[in-house]
Amino acid sequence: SYGKGDIREPFVEVRYADGSNTSDFLFEDASITSGKPEFETLPGSYDADDNVEHLTITLKDRDRQIFLELHYYVYEDCDVICRSSKIINKEKDHIHLNRLMSTQIDFPYGEFALTSFHGGWIKEMNKTTTPIGRGKFVVSSYTGSSSSRSNPFTILHSREATEDAGDVYGLNLIYSSNHYTCCEQNTFFKTRIVSGINPQSFCFVLEEGQSFESPEAVMTYSDKGFGKMSKNLHKFVREHIVRGKWKKKVV
């Protein structure tokens, strides 16, 4: 959050009843369970055999009864980790949630490039690769849909990565509305990438006892270039996204 000394792209922004915008979420609890529970309000991945390890980290605001849950789902069979977040208001006053990302990854170094995909009707998925330097690079949609203009799938990778070699981080969202991915590098070359619902004009009011879920972010890593990353995500979609009679159906 803004307001505690970290001026980089934030994960969460909350405006409280007293007008304050500063949150200070501290570790409260952690647990590991098996299985992939369904979201209350959003679609998500699944595992029919309950072989998924589920890590829940609970954070609490230092001064308020506001809780932030970080959920990690480990799909070991395809080298994928999914992540989502949930904020819970246990204050007597309502709060305004202005931003809640699905995932945030911090790297202590730079020398990255970011590959994203843009286009339009019948010309979707044009590949664009941008070297990441100091400042921000944003891939987003504000059209009410994920849209062909800017796909929510992005790849952060070493600048020399190829199809068969190099460090590659694939990142996607299970979400079909306004999305936002920002990669920022500060003056010390530390790199942060966040992804989730587009915070532009976003505001969700949470009364006492109410909660809000973020979309599920899908993350994978390959040390063997873009090819291994693609295979990880293809297997993940086949096994943990496609459902029913369509799963593995030959068409």
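**Exercise 1. State how many residues the hairpin from S3 to S4 has, then trace the pairing around it.**

Step 1. The hairpin joins S3 to S4 through four residues. Strands here are DSSP runs of E with at least two residues, and helices are runs of H or I with at least four, numbered from the N terminus.

Step 2. S3 and S4 run antiparallel, joined by eight bridges. Two strands pair if DSSP finds at least two bridges between them. Across this pair, Thr58 faces Glu69 in S4.

Step 3. Now take the pairing of S2 with S3. Strand S2 (residues 25-34) and strand S3 (residues 53-61) are antiparallel too, with nine bridges. Leu26 stands opposite Lys60 in S3.

A note on the model: it is predicted, so local features need pLDDT of at least 70 and side-chain atom pairs pLDDT 80 or more, while totals for chains, interfaces and linings use all residues. Residues are numbered from 1 along each chain as its sequence is written, and side-chain values use heavy atoms, without hydrogens and water.

**Exercise 2. Find which residues have the most contacts inside the largest nonpolar core.**

Step 1. Know the term. A nonpolar core is a set of buried Ala, Val, Leu, Ile, Met, Phe, Trp, Tyr and Cys residues joined through side-chain atoms within 4.5 Å. Buried means under 20% relative accessible area, exposed over 50%, partly exposed in between (1.4 Å probe, protein chains only).

Step 2. The largest core has 22 residues, and Val12, Phe25, Leu68, Ile87, Leu97, Leu100 and Phe212 have the most contacts inside it. Strands that each supply at least two of its residues include S1 (12-15), S4 (66-75) and S6 (95-107).

Step 3. Look at Phe25. Beyond four places in sequence, its contacts (heavy atoms within 4.5 Å) include Val12, Leu59, Leu68 and Ile87.

Step 4. Another core lies apart, with 18 residues, among them Val80, Phe117, Val168 and Met229.

**Exercise 3. Decide whether Thr220 is buried or exposed, and name its side-chain partner.**

Step 1. Thr220 is in strand S16 (residues 216-222). Its relative accessible area is 5%, so it is buried.

Step 2. Its side chain makes a polar contact with the side chain of Asn232 at 2.9 Å. Leaving aside neighbours within four places, Thr220 also touches Val80, Val168 and Met229, among others.

**Exercise 4. Check the span of helix H1 (residues 225-240).**

Step 1. The expected span is 1.5 Å times one less than the number of residues.

Step 2. Buried residues of H1 include Met229, Asn232 and Phe236. Their cover includes S4 and S16.

Note on methods
A polar contact is a pair of N or O atoms within 3.5 Å; within protein, one must be able to donate a hydrogen and the other to accept it, and residues adjacent in sequence count only if both atoms are side-chain atoms.
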